[in-house]
Amino acid sequence: MTTAEKRAPHIGGGMGKAKSSLFDIPAKLDPVGSSHISLAVAPSLDMDSEGHPRPKVVYENTYQMEPPQRFIPERVKPVILDLLSSHIGAMDHIGAMEYHPVECSTLAKTIAQEIMTKVKAMNFSRFKLICLVTIGEKRSQDVRQGSRCLWDASRDNYAASSYENPHVFSTGTVYAVYFE
């Protein structure tokens, strides 16, 4: 008796021929494109609608080791500060900006999306952009935020800015990682 049979005698041996239903695969699978997906596996994307294999796409190397334009944090920081101050400052002017977790969560996602849109419009080509926005409650305390990344220090960079009012603080960070 093998170690696997000792640990799980109900699978594959012991009493009769019991099998797990997960491995009970029917002999004939449904045709490609049918609405029934077996074993929760998505249909194969390397076949077209008739079941014929699609031609493989082959990309050629660009041999471009340096970005055409470097990521310049000094151009991105004012964009982050402007969006943080406009959204949180606007809510502060109407007197509604106390910390509410659900509203601040939605607001952080909205601000992050707008920052990404504006930074992408700056055409930093061949960079993967990651945007993080944090909104938290101030309770007469101080907050320090840090991050660590594994990246190429000569090409990759980041820009960060923060905004605060008497009730909340917010930070926005955009990481730009060069994609060779």
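# Close-up views of a predicted model

**View 1. The largest pocket and its lining.** The largest pocket is lined by 23 residues; nearest its centre lie Val143, Gln145, Gly146, Ser162 and Thr171. The structure shown is a predicted model. The pocket has a volume of about 510 Å³. Strands E1, E2 and E3 each give at least two residues to the lining of this largest pocket. Rolling a probe the size of a water molecule over the atoms shows where empty space is left.

**View 2. The whole protein chain.** How many helices and strands does the protein chain have? The count is 3 helices and 3 strands. Along the sequence they follow the pattern α-α-α-β-β-β. Of the 180 residues in the chain, 24% are buried. The chain exposes about 13600 Å², and carbon and sulfur atoms supply 56% of that area. Contacts can also be sorted by distance along the sequence. Among contacts between residues at least 6 apart in sequence, 70% join residues at least 24 apart.

**View 3. The open sheet.** Three strands make an open sheet in the order E1-E3-E2, and the pairing is antiparallel. Which strands stand at the edges? They are strand E1 (127–137) and strand E2 (157–164). Each has a single partner strand, so one side of each is left without a neighbour in the sheet. On average, neighbouring strands of this sheet are turned by 10 degrees against each other, direction ignored. Strands of a sheet pair through backbone hydrogen bonds, either parallel or antiparallel.

**View 4. The hairpin of E2 and E3.** Strands E2 and E3 form a hairpin, with 3 residues between them. Strand E3 covers residues 168–178. It runs antiparallel to E2, and 8 bridges join the two. Two facing pairs can be picked out here. Ser162 stands opposite Thr171 in E3. Ala160 stands opposite Thr173 in E3.

**View 5. Ser170 in strand E3.** Several residues touch it. Leaving aside neighbours within four places in sequence, Ser170 is in contact with Leu84, Ile88, Thr134, Ile135, Ser161, Ser162 and Tyr163.

**View 6. Helix H3 across the sheet.** Helix H3 (residues 101–120) lies across E1 and E3. Its direction is about 150 degrees to E1.

**View 7. His87 in helix H2.** His87 is found in helix H2. What does His87 touch, not counting residues up to four places away in sequence? The residues are Leu107, Thr110, Ile111 and Glu114. His87 and Leu107 are 20 residues apart in sequence. In space they are 8.0 Å apart, C-alpha to C-alpha.

**View 8. Asn61 in a loop.** Asn61 sits in the loop between helix H1 (3–7) and helix H2 (73–93). Its relative accessibility is 56%, so Asn61 counts as exposed. Asn61 and Glu180 are 119 residues apart along the chain. Their C-alpha atoms are separated by 9.6 Å.

**View 9. Two loop residues with positive phi.** Most residues other than glycine have a negative phi, and most peptide bonds are trans. Arg126 has a phi near 65 degrees, a positive value in a residue other than glycine. Where does Arg126 lie? Arg126 is in the loop between H3 and E1. Arg126 is partly exposed, with a relative accessible area of 25%. Ser140 has a phi near 55 degrees, again a positive value in a residue other than glycine. Ser140 lies in the loop between E1 and E2. With a relative accessible area of 80%, Ser140 is exposed.

Technical notes:
Residues numbered from 1 in each chain as written. Predicted model: local features only at pLDDT ≥ 70, side-chain atom pairs only at ≥ 80, totals over all residues. Heavy atoms only, no water. Helix = DSSP H or I, 4+ residues; strand = E, 2+ residues; numbered from the N terminus. Buried < 20%, exposed > 50% of the residue type's maximum accessible area, 1.4 Å probe, protein only. Contact = heavy atoms within 4.5 Å. Areas by Shrake-Rupley, 256 points an atom, 1.4 Å probe, with all protein chains shown as cover. Pairing = 2+ DSSP bridges. Axes fitted to C-alpha atoms, helices over the stretch in contact; angles between N-to-C directions. 1 Å grid on protein atoms, 1.4 Å probe; cavity = no way out; pocket = protein on both sides within 12 Å on 5 of 7 lines; lining within 4 Å. Points joined across faces, edges and corners; volume = space filled by probe spheres on them.
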